[in-house]
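Welcome! Keep the view open beside the text as you read.

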Amino acid sequence: MKFLANIFDSQRKHFEKGGKLEVFYPLFEAKETFLFTTPHRTHGGAHIRDAVDSKRFMSTVIVALLPCLIFGIYNIGYQYYAAQGLQADVMNYFCIGMWKALPIILVSYAVGGTWELLFALIRKHEINEGFLVTGLLLPLIVPPNIPLWQLALAVSFGVVIGKEVFGGTGMNIFNPALTARAFLFFAFASDISGSAPWTFLGGDLVMSAKQAVAGWSGATPLAIASEAIKGSSVESLMAFAPGDYSLTNMFIGLIPGSIGETSTLACLVGALILIATGIASARIIISIFLGGAVMGLIFNSVADGSSNAMLAMPFYYHYVMGGFAFGAVFMATDPVSAANTNLGKIIYGFFIGFIAVLIRVVNPAYPEGMMLAILFMNMSAPLIDHYVVQAHIKKRLSRG
Amino acid sequence: MASSEMKSLVIDPVMDKNPVTVQSLGICSALAVTTQVAPSLVMAIAVTVVIACSNAVISSIRNLIPSKIRIIVQLVVVATMVILVDQVLKAYAYNVSKSLSVFVGLIITNCIVMGRLEAFAMHQPVGKSFLDGIASGIGYGWVIVLVGFCRELLGSGKVLGVQVVPDALYDIGYTNNGLMVLAPGAFLLLGTIIWIQRTINDSLQEKE
């Protein structure tokens with residue numbers, strides 16, 4: 001460590017005011033504070049000094065994301081073999097998974113990081129650490145077969161339009177990773193919906209395309225559920241669908257879907273890490289699940305005689321399908337775009353779950369309602385906070 | 001007329017007092033007609049003609065209009081101009097007129113037209129009013145044509161109906177951007193133009 005510190009100390013003079021490489025100070029600063037605690041100290045005033053700055057904060061989220069990432073990589077390989085009716089050992093699963101996931105993650109970080117650096121240089125501020133998380137969140141919510149150029153465009157859109165337009169990290173209205181995902185969904189709909197994008201079957205330069213076994217569909221559980229016809233129950237459809245769509249299997253996550261969001265189990269592990277370290281708000285996560293349950297039960301009560309079979313689906317199916325759990329744990333809890341008052345967090349979370357299930361069941365064109373629900377509530381969060389604060393002020397005033 | 005006054009009369013509505021990007025007027029039609037270049041171009045010309053002619057007419061009778069009913073008089077003049085433009089389009093450019101559908105008629109409600117009448121033509125001589133109308137129309141026009149150009153290029157790979165994105169690019173996996181065909185695409189492009197304009201010209205930014 002001393003050795004590294006010496007390098008930084010000896011090089012600092014080049015990057016400080018008047019140095020040859022002054023323009024690149026943000027880059028230097030970013031590397032230094034990533035490895036060591038920041039050299040800046042607060043001047044006067046009663047500030048709490050804590051080891052947790054936003055860089056440590058973000059690193060914790062990365063750690064919490066690891067279960068989802070590792071499982072997601074495993075699942076790409078698992079689906080690759082399962083679609084061909086084969087089984088292989090764990091190492092093969094991981095190798096296939098890495099082959100697909102690594103380029104996606106690299107492109108996401110490279111493109112996003114370049115934009116961050118560019119804006120930091122132009123605006124002459126330090127490189128914000130927000131992208132550390134966004135850069136990993138986005139690969140986890142895209143299908144494994146996403147074309148890399150589309151991903152690069154989406155990252156640019158998420159960082160520039162989703163964040164930098166509003167002034168950079170901490171100023172954004174919407175979650176940048178979800179903004180990028182929404183861009184992909186609306187701009188390149190054919191590459192991110194249907195049943196083809198979710199399972200890697202080869203076809204790259206190195207790996208020749210493989211043939212899936214007959215009857216294999218590759219559809220995500222949500223797509224199957226939204227196509228369920230009158231008279232059939234979604235549960236029975238799931239049980240007979242090619243591939244294993246049982247409740248347990250969907251909970252574990254061995255189903256086609258976006259890279260990191262299939263496993264509810266892995267999301268729960270991440271949630272425990274985030275809540276235990278005090279980074280994500282348990283209020284938001286719990287009220288999202290609550291909101292989903294309420295909407296699900298309302299639908300169940302009106303399901304009789306309706307042509308929409310998804311109405312009758314038990315609400316807990318929503319938890320394990322698609323990105324519900326992942327969105328609840330990692331997307332909705334983003335402290336910048338979420339509501340900030342305690343009551344506000346509950347209202348915010350409740351309506352995310354509520355609207356997500358509403359969109360999923362009622363609008364078959366948007367099988368994944370979670371993304372739209374979170375973006376919608378991101379937009380409403382400042383309003384919720386405003387009214388919560390106003391109500392509080394009113395209550396205090398009336399007390400005299 | 002002093003030449004600097006003349007210059008600001010013509011340049012301001014095009015750049016620093018642009019009706020669309022600075023005053024946020026006429027956004028509705030800027031979103032609706034800009035999926036392709038051709039309708040945007042025709043719309044830009046139609047709006048320019050309507051603003052310029054109504055400006056000139058209203059300016060010439062500005063001292064005769066009782067101020068209490070001026071809005072009604074303005075509306076009558078604007079409506080007349082719009083109907084004229086609409087008829088000309090139907091006669092000579094039927095296809096474009098069809099693709100623009102109600103939006104030609106809706107020029108009546110375009111805030112830029114009423115805005116220029118109220119703010120300019122009611123107090124200025126005919127020549128200047130006419131010039132102001134032309135400049136405002138161009139200010140509106142270049143923005144929607146630019147938006148239309150980007151939306152048609154990115155959304156359908158064409159410019160003015162001619163395919164410009166080569167087939168070879170499609171073959172290696174390029175796809176058109178579906179977002180650009182939707183109205184939010186126009187919002188995003190418009191926002192980007194405003195962002196660039198305000199970055200170049202500091203004086204347009206609100207002081208903190």
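This is a predicted model: local features need pLDDT of at least 70, side-chain atom pairs count only at pLDDT 80 or more; totals for chains, interfaces and linings use all residues.

Which residues of H4(B) are buried? They are Gln74(B), Val77(B), Val78(B), Met81(B), Val82(B), Val85(B) and Leu89(B). The cover over these buried residues includes helix H3 (37-60), helix H5 (94-100), helix H6 (102-105) and H7, which also belong to chain B.

**Helix pairs around H7(B)**

Helix H7 of chain B spans residues 111-121, and one of its partners is helix H8 of chain B, residues 126-156. Another helix that it meets is H3(B). The table sets out the two pairs.

| Pair | Angle | Axes | Residues in the contact, by class |
|---|---|---|---|
| H7(B) and H8(B) | about 145 degrees | 11 Å apart | 4 nonpolar, 3 polar and 2 charged |
| H3(B) and H7(B) | roughly 35 degrees | come within 10 Å | 8 nonpolar, 3 polar and 1 charged |

The crossing of H7(B) and H8(B) is right-handed. On the H7(B) side, this contact is made by Ile112(B), Arg116(B), Phe120(B) and Ala121(B), and H8(B) supplies Ser129(B), Asp132(B), Gly133(B), Ser136(B) and Tyr140(B).

H3(B) also passes H7(B) in a right-handed crossing. Here H3(B) brings Val50(B), Ile51(B), Ser54(B), Asn55(B), Ile58(B) and Ser59(B). They meet Ile112(B), Val113(B), Arg116(B), Leu117(B), Phe120(B) and Ala121(B) of H7(B).

**Where chain B touches chain A**

How many residues of chain B are in contact with chain A? There are 8, and they meet 10 residues of chain A. On the chain B side, the elements that give two or more residues are helix H10 (178-181) and helix H11 (183-200). This side divides into 4 nonpolar and 4 polar residues, with no charged ones.

**Over to chain A**

Chain A has 17 helices and 0 strands. Of its 400 residues, 46% are buried. Among contacts in chain A between residues at least 6 apart in sequence, 71% join residues at least 24 apart.

Chain A is divided into domain 1 (55-192) and domain 2 (261-392). The C-alpha centres of these two domains lie 21 Å apart, and 22 residues of domain 1 are in contact with 23 residues of domain 2. On the domain 1 side, two or more residues come from each of helix H3 (54-83), helix H5 (130-140) and helix H7 (176-187) of chain A. H3(A) gives the largest share of that side, 10 residues. By class, the domain 1 side has 16 nonpolar, 5 polar and 1 charged residues.

**One residue to look at**

To finish, find Ala154(A) in helix H6 of chain A, residues 148-160. Is Ala154(A) buried or exposed? Ala154(A) counts as buried because it has 29 C-beta neighbours inside 10 Å, where 20 or more are needed. Leaving out residues up to four places away in sequence, Ala154(A) touches Ala180(A), Phe183(A) and Leu184(A). The C-alpha atom of Ile73(A), 81 residues away along the chain, is separated from that of Ala154(A) by 21 Å.

Key: Residues are numbered from 1 along each chain as its sequence is written. Chains are lettered from A and ligands numbered from 1 in the order in which they are written. Axes are lines fitted to C-alpha atoms, for helices over the stretch in contact, and angles run from 0 to 180 degrees between N-to-C directions. A crossing is left-handed if the near helix is turned anticlockwise from the far one by less than a right angle, and right-handed if clockwise. Two residues are in contact if their C-beta atoms, placed from the backbone, lie within 7 Å. Ala, Val, Leu, Ile, Met, Phe, Trp, Tyr, Cys and Pro count as nonpolar, Asp, Glu, Lys and Arg as charged, and the others, Gly among them, as polar. A residue is buried if 20 or more other C-beta atoms lie within 10 Å of its own, exposed if 12 or fewer, and partly exposed in between; C-beta atoms are placed from the backbone. Domain bounds come from an automatic or database domain assignment.
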